[in-house]
Each structure stands twice: as structure tokens, then as C-alpha cells.
2 protein chains.
Amino acid sequence: MNVIEPSANQPKWTRKPEARPDEVLEAALDVFAVNGFAATRMDDIAKAAGLSKAAIYLYFPSKDDVFKALVEQRIGVLQAHFDTAAKDQKRDPVAGLRLVARMWATSFHDLRVAALPRIILAEALRFPELAEFYHRTVIERTQGALVELIQAGIDAGLFRQVEPLLAARALVSPLVFEILRRQAFPSHTSGPPMETLVEAIFDLFLNGIAAAPAPNDRGVKP
Amino acid sequence: MNVIEPSANQPKWTRKPEARPDEVLEAALDVFAVNGFAATRMDDIAKAAGLSKAAIYLYFPSKDDVFKALVEQRIGVLQAHFDTAAKDQKRDPVAGLRLVARMWATSFHDLRVAALPRIILAEALRFPELAEFYHRTVIERTQGALVELIQAGIDAGLFRQVEPLLAARALVSPLVFEILRRQAFPSHTSGPPMETLVEAIFDLFLNGIAAAPAPNDRGVKP
DNA sequence: TCTATATAACTGACTGGACAGTTAGTTGTC
DNA sequence: GACAACTAACTGTCCAGTCAGTTATATAGA
């Protein structure tokens, strides 16, 4: 929560005005992440950005639009990561899947960004187009990449003949679940750090889809 | 969305007044499920219950309390199912786990009830005590039951030496995920009905934790 | 280098609508 | 006629969005 302050006192807009929209979005992310959408006041965002509420309306037509712009900004970046990385790895499906899982963890290392999926979920009814956008840009693409990798693994005889889409969700859902869980129940967030957890989830997943003699069988007691 | 109407027209309170709180909660469930918490007006609930807004305040002190009462009412029932069933099945962990998964599907067959987890997730920040209550009554208990079953399975040599808590979440999360997904992205809800999906998810899960020669290996192509 | 003027960036104070919660009074029942 | 069940209309507050005005910057002319 970095409130932007014009150094100490006087010069009120020495900062470059063309940076303003991004500053507003940065502040908005801080505030939305803590309060969710509905409970966030434009005044809060303004204060966090070191501006007055009216100034925000110079750059964004409405509160809704601030939120949409924020999501598009952060999600665009995130999603680009995913599918370039996935494409690179078509040769080695296991490595590809592991990479996607790890990127997931690092992408959501910023807790403010991790709050976005929760907020979108919460506001999906109010912003069907936004939900649709998120689905198209993030969910479908990630899913698509995973499905391809899993299918490649099946074709190569590395994985069992599972339903790829189902398997993709089996990998993603514990990760999403964990993110949501940590936010909704902050008092029950003991346990290993995200990175370790991702490895464990991935191992379990891999064992679930691995062809008969599990290639990764540490933990098995014969 | 069954609006309660005093049959046709006149007799305005021939209904038993002691049924009123439950009628209000029933109506509230209808409305909250569609609109979420914040966007639901007390007038909406009142209308759905065939009452005036003021009448609701005769039975509940505030909107928050209506919501809390609703959650407690619906969740209490749901959770009772889970752990009795789980206790019965300690002898056969696989059957026990399968039963819990299936009960899950049937419990959330009522789409209005399925909306509750989403709403709680959305409002967790606003109602930390409610989130806490939900965690205690639903999450911890379900998790506890699953962990016991999984541990029993490991002890019996049926399952690999996995982290039981992690495995429990690996089973639950795709189910929760599916429920949330269907609500947030109603336009992308093709695919098999919940029941079929639960079976598929369960099979995949079972393969993930099964001891070396998978006891359930339909789907494997040698 | 020093005003003067134009204009860009911004703000304080306001408006209007929505809605949770209240109250004074009405309608029905026994 | 006494009491329970209920309601219409009101109150107060909160907040998104607006607007009339203020403060800084850029440019120009002297």
C-alpha cells in the first residue's frame, strides 16, 4: 500500500501527467486487493494515488472502468507469460506442465495480484463482460496450453488415457483453491510457502496421470 | 425464485407467523443466490417473501444477520451429512471417500445452495467471523473427515505415502472449482452433468494416491 | 529576464440517487 | 377491545459522479 506523495510538500504536479493513469491503477490495485470492489471508494483510490477523486475522473470515466482497466493491465501480462512458456515445451510435456505450475506460483507471488481472481469471482455477476474477458484471456488460454501438453504426454505414452481437459483442471484447481483459501481465511494460512506447495501439488497430479509404472514414484512404499 | 404469495389476494397473514423466519431465509436464499450479498436489497427479500421490508426487521435485526442466519441454517445441515457419512466408512476408505465426493455433488445440486460458497468467498473480508464460522463448520470438518479416511487408506497400504491434508485438498478443490466456475461463467457450462464429473474427478484422484499397481485402472492403455 | 496570457492539471464542495434501518399508524385475529 | 402482525412513508447516511473554480506550467512578447 504505497501512497504516492508529492515529495514532502509543495510542488503539486511536477510528476509527468502521462504516468497518471498507471499510477491510478497501481493505487487501485492496492485498495481493491484489500477491500474488494464494492467496498472500495473512489476517494480511497484517489488518496492512495495522491490525487483528488475528481482527478481520477479525468482519466477514467467510472469506477467500473478503473477496475476493468486494472484487470486488463495485470492479466494481459500474466497471460502472455503462460502461453509462450507452454509453447516452448511441447517436446517435454512433464517439464512444460511443471513450468506452467511454477510460473503460476511466481505470478501470484504479489498478493495484490492474487486478489484479482477472487474479486473477479465475486463480481462476475455484476460484470459479466469482465468475467467473459477473464475467461477468454486467462482461463481458456491456460487451459488450452495445459490440454495440449497433456495430450502430447498421452500421445507419447507418458500419461494414462485421461480426459485432458479434466486433467488440466485437476492441476489448476488446487492452485486456485490455495490462492482463494489464503485470502478468505488469512488466519488459517499456516503451512508451507506457495513454492513448496506447488511442487507437492504437481507431484500428486503427475502420479494421477502417469502411465502405469509411475515414472515419479518417490513416496511409494512397496 | 418462488415468491411467496398470500393465496391470490386478501387474507394477509393467515400463514403461521412462527414460520416467518424460515420463509424469510428461503426468500433470502433465492435473492442472494442471484445477486450476491451487496447487490441484494432488503426490499427484494421482502418482496420475495411476500412481506414488507419493515416486517423482516421484526425477525432479524439487520441484513447482515439475515445472511448469517441463512448460512448457518443451510450449512449446518450440509455439514452434518458429511461427517456422519465419513465416520460410517472408516473400514473402507475408498468407499468412504467416494461417498463424500458424491454427497458433495448432491448437496450442491440445488444451485441456490451452491451459490453460498461463492458469496462467502466474496464477502469473507466484510464478514471475517462468518468466514471463520464457515471454515470451522464446513471446511475443517470435511477436511478432517477426508484426512482420516486418507490416513486409514495409507495405513492399510491402499494409498501411497502422501501428505493427507494435501491429498484431501486435491480431491476437494476440483469440486469447489467446478461449482465456482459454473456460477461465474454460466455461458461456459457445457460438458457433463455434475454427477458424471464427480466420478471422473474421483477416479483421477484415486489414481493419484493409489499404491503402485493402481487398483482402479480403467482408462489405462498398456 | 521578467511579466502576461493561455491552457493543462487538479481540487473542494456539492448533488442526486440508492438503500439500510425506523416509526407512527393500519389491518386482521381472538 | 386488546394484541399481534404487518406496512407506508420517512430519515439519515453513504458515495459515485459533477462542476465551478484554483494552481501550476508553457509559451510569447517585451
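Trainee: How do you know how many salt bridges there are between chain B and chain A?

Mentor: In this predicted model, the count between the two chains is two salt bridges, and one of the pairs can be followed in detail, namely Arg169(A) with Glu178(B).

Trainee: What makes the pair of Arg169(A) and Glu178(B) a salt bridge?

Mentor: The closest N and O atoms of Arg169(A) and Glu178(B) are 3.8 Å apart, and the rule asks for a side-chain nitrogen of Lys or Arg within 4 Å of a carboxyl oxygen of Asp or Glu, so the pair of Arg169(A) and Glu178(B) counts as a salt bridge.

Trainee: Which helices of chain B supply the side that touches chain A?

Mentor: Helix 1 (20-35), helix 6 (111-123), helix 7 (128-155), helix 8 (164-184) and helix 9 (194-209) of chain B each give at least two residues to that side, and the largest share, 14 residues, comes from helix 8 of chain B. Sorted by class, the side of chain B that touches chain A holds 29 nonpolar, 11 polar and 10 charged residues.

Trainee: How is the size of such an interface expressed?

Mentor: It is often given as the accessible area lost when the parts come together. For chain B and chain A the buried area is about 4,000 Å², with 69% of it on carbon and sulfur atoms, while in terms of contacts 50 residues of chain B meet 50 residues of chain A.

Trainee: Why is helix 9 of chain A called mostly covered?

Mentor: A residue is called buried when its relative accessible area is under 20%, and 12 of the 16 residues of helix 9 of chain A are buried, so the helix is described as mostly covered. Among these buried residues are Met194(A), Leu197(A), Phe202(A), Asp203(A) and Asn207(A).

Trainee: What do the buried residues of helix 9 of chain A pack against?

Mentor: Within chain A they pack against helix 5 (93-107), helix 7 (128-155) and helix 8 (164-184), and from chain B they meet helix 8 and helix 9.

Trainee: Which elements make up chain A as a whole?

Mentor: Chain A has nine helices and zero strands, and buried residues make up 52% of its 222 residues.

Terms used: Residues are numbered from 1 along each chain as its sequence is written. Chains are lettered from A and ligands numbered from 1 in the order in which they are written. This is a predicted model: local features need pLDDT of at least 70, side-chain atom pairs count only at pLDDT 80 or more; totals for chains, interfaces and linings use all residues. Side-chain values use heavy atoms; hydrogens and water are left out. Contact means heavy atoms within 4.5 Å. Buried area is the accessible area (1.4 Å probe) that two parts lose on being put together, summed over both. Helices (H or I, at least four residues) and strands (E, at least two) are DSSP runs, numbered from the N terminus. Ala, Val, Leu, Ile, Met, Phe, Trp, Tyr, Cys and Pro count as nonpolar, Asp, Glu, Lys and Arg as charged, and the others, Gly among them, as polar. Buried means under 20% relative accessible area, exposed over 50%, partly exposed in between (1.4 Å probe, protein chains only).
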